[in-house]
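Me: Hi! I have a structure open and would like to talk it through with you. Could you help me find my way around?

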Amino acid sequence: MENIDVLREGFEKEKESCASVEDVEALRLKYLGRKGLLAQLRKNVDFKVLSPEKRGTFGKEFNDLKTLMESSIEAQLTTLQERMVAKKLPSIDMTLPGSGHTLGSMHPVTLVRLELEEIFMSMGFVIETGFEVEKEYYNFDALNTPFDHPAREMQDTFWLTNGMVLRTQTSAVQVRALEKYGAPMKMIAPGRCFRYETIDASHENTFYQLEGLMVDHNISVANLISVMKLLLSKVFHREVVTRLRPGYFPFVEPGFELDIQCLICGGSGCRSCKNSGWIELLPCGLVHPNVLKFGGVDPDVWSGFAFGLGLTRLAMMKYGIPNIRLFNSGDIRALEQFTTAV
Ligand code: FA5
């Protein structure tokens, strides 16, 4: 019995000086291990010489000590582990909400582009991409815009030091596509364009256009207008008010500007339409014979129409986005609204 008391005291003392999990594990081994002090104590007792009463008392004391040792070791381990966690994460405020996972969404311009690609593919158009860094030749010369032509002044251009340009228009894909496919052919070319512009509610220096080119026998303005009408009704899923007026582009003859009534203000005038009530959206026309020649296609045999849809502006109108700056601003709140539109 005395030995039990000695063991208990020794254990209590050593437990106090345990500063780490390893110390406690060593203590467990020393007292409760298979060859530990408790096991040795039991081994050294000669039960045969003890009276049944003493045997019972010893057994109880022995078991109580074992239970005490086990539970104190567990408690000590829990305390040390909690202290370790607290030390490692001193600045975590457990009451703050978690970071969560947010769902991505497609950009509104991508959504409109995909929709348009589907519409045009169903009419047998192929999709071309062209190059954002383009040769001056395809961006200007091959589009019937020679070096000294005043039309070059119409677009403010980012010129690269090697003489290339950041394409100012997807029309740069026209002659590349003619060279690639010849005639007859039908293609669209959606992509980014760049202009050295002052940014306002409807002008960006980086924006998207979607070029369209169809070359076949006897293509007329009637073909052009019917495709434009189909395109707008499919994209907007409703009637939109349009107007066609003459427009000048050196690579089409005749040339038109197809405007739609502003869907932000309903035509009454706002910042998005510069208070005119109309949005310039779809310049178009019949392909100039010189462009066909540049593409290696005989203009006496073939004719065509082309258009250059303002894709970013179309997305503004379709989704009621009043300011073009929102597209490139990186303000995630604006884009989050399109999560369900995918
Ligand atoms: C052109 O770029 C011609 N290449 C279009 C064309 C193609 C005409 C084929 C005839 C035949 P324009 O500069 O108007 O044209 O631009 C076309 C459309 O792009 C505009 O109607 C407008 O919707 C959009 N756009 C032009 N500049 C910007 C800009 N800075 N920011 C946003 N959208 C723009």
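Predicted model: local features only at pLDDT ≥ 70, side-chain atom pairs only at ≥ 80, totals over all residues.

Me: Which residues come nearest to the ligand?
Reply: Those are Gln 169, Ser 171, Arg 195, Glu 197 and Glu 204, out of 25 residues around the ligand.

Me: And which side chain has an N or O atom 2.7 Å from a nitrogen atom of the ligand?
Reply: That one belongs to Gln 169. The backbone takes part too: an N or O atom of the Glu 204 backbone is 2.9 Å from a ligand nitrogen, and a backbone N or O atom of Glu 280 is 3.1 Å from an oxygen atom of the ligand.

Me: How much of the ligand does the protein bury?
Reply: The protein buries 95% of the 680 Å² that the ligand exposes when taken alone. The ligand also takes up the space of the largest pocket.

Me: Nice. Which elements give two or more residues to the shell?
Reply: Three strands do: β5 (206–216), β8 (278–287) and β9 (303–310).

Me: How do the shell residues divide into nonpolar, polar and charged?
Reply: There are 10 nonpolar, nine polar and six charged residues in the shell around the ligand.

Me: Does Arg 195 count as buried or exposed, and why?
Reply: Arg 195 counts as buried because its relative accessibility is 17%, and the cut-off for buried is under 20%.

Me: How far apart are the C-alpha atoms of Arg 195 and Val 173?
Reply: They are separated by 17 Å, with the two residues 22 apart along the chain.

Me: Switching topic: how many residues of helix α10 are buried?
Reply: Eight of the nine residues in α10 (residues 311–319) are buried, so the helix is mostly covered. Among them are Leu 311, Arg 313, Met 316 and Lys 318.

Me: What follows α10?
Reply: Gly 320 does, and its phi is positive, near 65°.

Me: Last one: where does Thr 145 lie?
Reply: Thr 145 is in the loop between α6 (136–139) and β3 (165–166). Its relative accessibility is 3%, so Thr 145 counts as buried. The Thr 145 side chain reaches the backbone oxygen of Leu 143 at 2.8 Å.

Methods:
Residues numbered from 1 in each chain as written. Heavy atoms only, no water. Near = heavy atom within 4 Å. Polar contact = N/O pair within 3.5 Å; in protein donor to acceptor, adjacent residues only side chain to side chain. Areas by Shrake-Rupley, 256 points an atom, 1.4 Å probe, with all protein chains shown as cover. 1 Å grid on protein atoms, 1.4 Å probe; cavity = no way out; pocket = protein on both sides within 12 Å on 5 of 7 lines; lining within 4 Å. Sits in = over half its atoms within 2 Å of the grid points. Helix = DSSP H or I, 4+ residues; strand = E, 2+ residues; numbered from the N terminus. Nonpolar A, V, L, I, M, F, W, Y, C, P; charged D, E, K, R; others polar. Buried < 20%, exposed > 50% of the residue type's maximum accessible area, 1.4 Å probe, protein only.
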